[in-house]
Amino acid sequence: MSILTLLGIKKCTHERMSFNVDCGYCPDCGEYVENRWYLVRCSCCGVKRIAITRGNEILPKEHFCKNCGETTYYIEELKRLNIIDINYATVLRISPKPLKQNFAQAWVQETPEQKLLCGV
Ligand SMILES: [Zn+2]
Ligand SMILES: [Zn+2]
């Protein structure tokens, strides 16, 4: 952990947090972090587009779909990362707060179904 992080000046981005786990504690700051994987798909033809993150935003890397030229897209949250999606998906490291008391409850409320913003 850097001294800046320790002093709260620089916010930890948890970048050393492992990709291989669903959740865990950041090795740098000790915060509880969830890895959430997202795919970006073309809203016209539904092909996967390479996703990137900017801050906490998920965006497609290219400005338009390489398959059909459409610029609109939707974001799909993955339950877990499939190996076939690894070149397309991006991860957001989220530290849910408040954590200690709400964790068990939040876990139960999670639905098994993937929520798609737009049906394909
Ligand atoms: Zn951290
Ligand atoms: Zn398309």
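## Asn67 and its surroundings

Beyond its neighbours within four places in sequence, Asn67 makes contacts with Cys42, Cys45 and Val47; two residues are in contact if their C-beta atoms, placed from the backbone, lie within 7 Å. Asn67 belongs to the loop between E5 and strand E6 (73-78). Helices (H or I, at least four residues) and strands (E, at least two) are DSSP runs, numbered from the N terminus.

Asn67 counts as partly exposed because it has 13 C-beta neighbours inside 10 Å. The scale calls a residue buried if 20 or more other C-beta atoms lie within 10 Å of its own, exposed if 12 or fewer, and partly exposed in between, with C-beta atoms placed from the backbone. Asn67 and Arg49 are 18 residues apart along the chain, and their C-alpha atoms are separated by 9.5 Å.

## Model and confidence

This is a predicted model, in which local features need pLDDT of at least 70 and side-chain atom pairs count only at pLDDT 80 or more, whereas totals for chains, interfaces and linings use all residues. Residues are numbered from 1 along each chain as its sequence is written, while chains are lettered from A and ligands numbered from 1 in the order in which they are written.

The mean pLDDT of the protein is 82, and 73% of its residues reach 70 or more; pLDDT is the predictor's confidence in each residue, from 0 to 100. Over residues 110-120 pLDDT stays under 50, and the model has ten contacts beyond four places in sequence for them.

## Overall architecture

The protein contains two helices and seven strands, arranged from the N terminus as α-β-β-β-β-β-β-β-α. Of its 120 residues, 16% are buried. Among contacts with a separation of 6 or more, 51% involve residues 24 or more positions apart.

## Nonpolar core

The largest nonpolar core consists of nine residues: Trp37, Leu39, Val40, Cys42, Ala51, Ile58, Cys65, Tyr73 and Ala89. Strand E2 (residues 32-42) gives the most to this core, with four residues. Such a core is a set of buried Ala, Val, Leu, Ile, Met, Phe, Trp, Tyr and Cys residues joined through C-beta atoms within 7 Å.

## Tyr38 in strand E2

Tyr38 is located in strand E2 and is partly exposed, because 18 other C-beta atoms lie within 10 Å. Not counting residues up to four places away in sequence, Tyr38 touches Ala51, Ile58, Ile75, Glu76, Glu77, Leu78, Ala89, Thr90 and Leu92. Tyr38 and Asp85 are 47 residues apart along the chain, with a C-alpha separation of 9.5 Å.

Strands E4 (residues 51-54) and E5 (residues 57-60) run antiparallel and are joined by four bridges; two strands pair if DSSP finds at least two bridges between them. Thr53 has Ile58 in E5 as its bridge partner. The hairpin has two residues between the strands, and Gly55 takes a positive phi near 65° there.

## Backbone at His14

His14 is found in the loop between helix H1 (3-6) and strand E1 (23-25). Phi of His14 is near 55°, a positive value in a residue other than glycine. Most residues other than glycine have a negative phi. His14 is buried because 20 other C-beta atoms lie within 10 Å.
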